[in-house]
Amino acid sequence: MENSHSSGPPTSDVSQASLPQANASPEKKPSLLRVIVHSFFVVPFLIAVFAVLIYLIVRIITMEQHTTYDYLNDIKTGAATKRWQAAFELSRILANSELVPKEERFVAEMIAAFEHAEHDDNRVRQYLALAMGRTGNIAFVEPLIAALGKDPDENKPSLIHALGTIRDPRAVPPLMTASAHPDGRIRLNAIIALGNIGDSSSIEVLRGALNDAEPNIRWDAAIALAKMKDPSGKDQLLKLLDRNYYSEFPEVSSEEVNEAIKVVIEVSKGLQDTDLQAATARLAKEDPNMKVRHAAMEASGR
C-alpha cells in the first residue's frame, strides 16, 4: 500500500520514446533533382558570387592606392591599351581640384608624358590634354598651343577644349585661327573656348561666326558675345528663347532645349535689352518647365 497518491496523470513504466511510432513515416532520401540543382547550380552560383566580391574588393583597394604619378608612369611605360586607359583615369580624377598635385614635379611629368605621347594612340594625347585643362594651370598653355599647330584634326577638339578651360589670353590667336577651320566640330569648340576666355580681341571673329552654316556655331557665337556684353547676337538669342524654334531641330532633346534656354536667360541679363527682357518675362509666366520658369523669374527680378 502506497502512502501517497500522485496528483498528476498516470504515467507508464515504459518510456514513451521507446514505443514504436505507429504514424511515423520512413526517412526520406533527397530527390535526385534536388541533388542536381544543388550541385550544378546553387554551389557554382555561390562560388561565382564570392569570386566577384573578392575581385571588386581587390579592385577598390587597387584603385585607392593608384596615385597620379602611377597613372603618369603607366602612360609612359604601359602597354598600348593601358596607356590610353591611364590617361582617361587621370583626366577623370583631375576633374576634382582637391586631387590636383601642387608640386612642380607634377607639371614637369605631365608635360613630359604629353610630349612623349605625340606619336602614340591619339586617345592618350586627347585625355592628357583634357587632364591638363582640368587643372587650370597656365603652365600647360604653351604645350597645348604647340600641339594645336601640329596634331591631327582628331586631337584638336580636346586641345581647344583644354585651352578654353584654362582661359589664358595667350590661346586667343590660335583659337581664332581654329574658328575658321573647315571641320565644324573644331570651329564649334574654338568658338566656345573663345567665349570662355572672354577676350575682347575675339569679338570680330565671334561676330563673323554668327553667319556660320552650322546652327550650333551661330548659337554659341551669340552666347559668347553676350558674355562679353556685345548684343550682336541678339537675333540668335531671341530664337533660342522661343521654345517653338527648336522644332526645326528634332535631334535636340527636350533636356538640351531646357538647358539652352536657361543659359540664354543667364547671359541675356547683362545686355539690358528690352526685347530679350520681354521674352524672358514671357517664359517666367508661360514656360511649361518649372526650372526654366524659375530661372526666368529670377532674371526678371520676381
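Helices, as named in these legends, are DSSP runs of at least four residues (H or I), numbered from the N terminus, and the model in which they are shown is a predicted one.

**Figure 1. Lining of the largest pocket, to which helix α13 gives the most residues.** In this predicted model, the largest pocket holds about 290 Å³ of space. Its lining is made up of Asn216, Trp219, Asp220, Ile223, Leu240, Tyr246, Val252, Glu256, Val257, Glu259, Ala260 and Val263. Two elements, α11 (215–227) and α13 (254–268), each give two or more residues to this lining, and the contribution of α13 amounts to five residues. Sorted by class, the lining of the largest pocket comprises eight nonpolar residues, one polar residue and three charged residues.

**Figure 2. Packing of helix α11 against helix α13.** The axes of α11 and α13 come within 9 Å and cross at roughly 30 degrees; because angles under 35 degrees count as roughly parallel, α11 is described as roughly parallel to α13. The crossing of α11 with α13 is left-handed, and the contact brings together Ile223, Ala226 and Lys227 from α11 with Val263, Val264 and Val267 from α13. Five of these contact residues are nonpolar and one is charged, while no polar residue takes part. Ile223 and Val263, which belong to this contact, are also among the residues that line the largest pocket.

**Figure 3. Packing of helix α2 against helix α4.** Helix α2 (residues 68–77) packs with helix α4 (residues 104–116) at an angle of about 20 degrees, and their axes lie 10 Å apart; that angle makes α2 roughly parallel to α4. The two helices, α2 and α4, form a left-handed crossing. On the α2 side the contact is made by Thr68, Tyr69, Leu72, Ile75 and Lys76, and on the α4 side by Arg105, Phe106, Glu109, Met110, Ala113 and His116. By class, the contact of α2 with α4 contains six nonpolar, two polar and three charged residues.

**Figure 4. Crossing of helix α14 and helix α15.** Helix α14 (residues 274–286) and helix α15 (residues 290–299) have axes that come within 7 Å and cross at roughly 135 degrees, and α14 and α15 are therefore oblique to each other. The passage of α14 across α15 is left-handed. Here Thr280, Leu283, Ala284, Lys285 and Glu286 of α14 meet Arg293, Ala296, Met297 and Ala299 of α15, a contact whose residues divide into five nonpolar, one polar and three charged.

How values were computed: Residues are numbered from 1 along each chain as its sequence is written. This is a predicted model: local features need pLDDT of at least 70, side-chain atom pairs count only at pLDDT 80 or more; totals for chains, interfaces and linings use all residues. Side-chain values use heavy atoms; hydrogens and water are left out. On a 1 Å grid over the protein atoms alone, a cavity is a set of points where a 1.4 Å probe fits but cannot get out, and a pocket is an open set with protein on both sides within 12 Å along at least five of seven lines; lining residues have an atom within 4 Å of a point. Grid points are joined across faces, edges and corners, and a volume is the space filled by probe spheres set on the points. Ala, Val, Leu, Ile, Met, Phe, Trp, Tyr, Cys and Pro count as nonpolar, Asp, Glu, Lys and Arg as charged, and the others, Gly among them, as polar. Axes are lines fitted to C-alpha atoms, for helices over the stretch in contact, and angles run from 0 to 180 degrees between N-to-C directions. Angles under 35 degrees count as roughly parallel, over 145 as roughly antiparallel, 65 to 115 as roughly perpendicular and the rest as oblique. A crossing is left-handed if the near helix is turned anticlockwise from the far one by less than a right angle, and right-handed if clockwise. Contact means heavy atoms within 4.5 Å.
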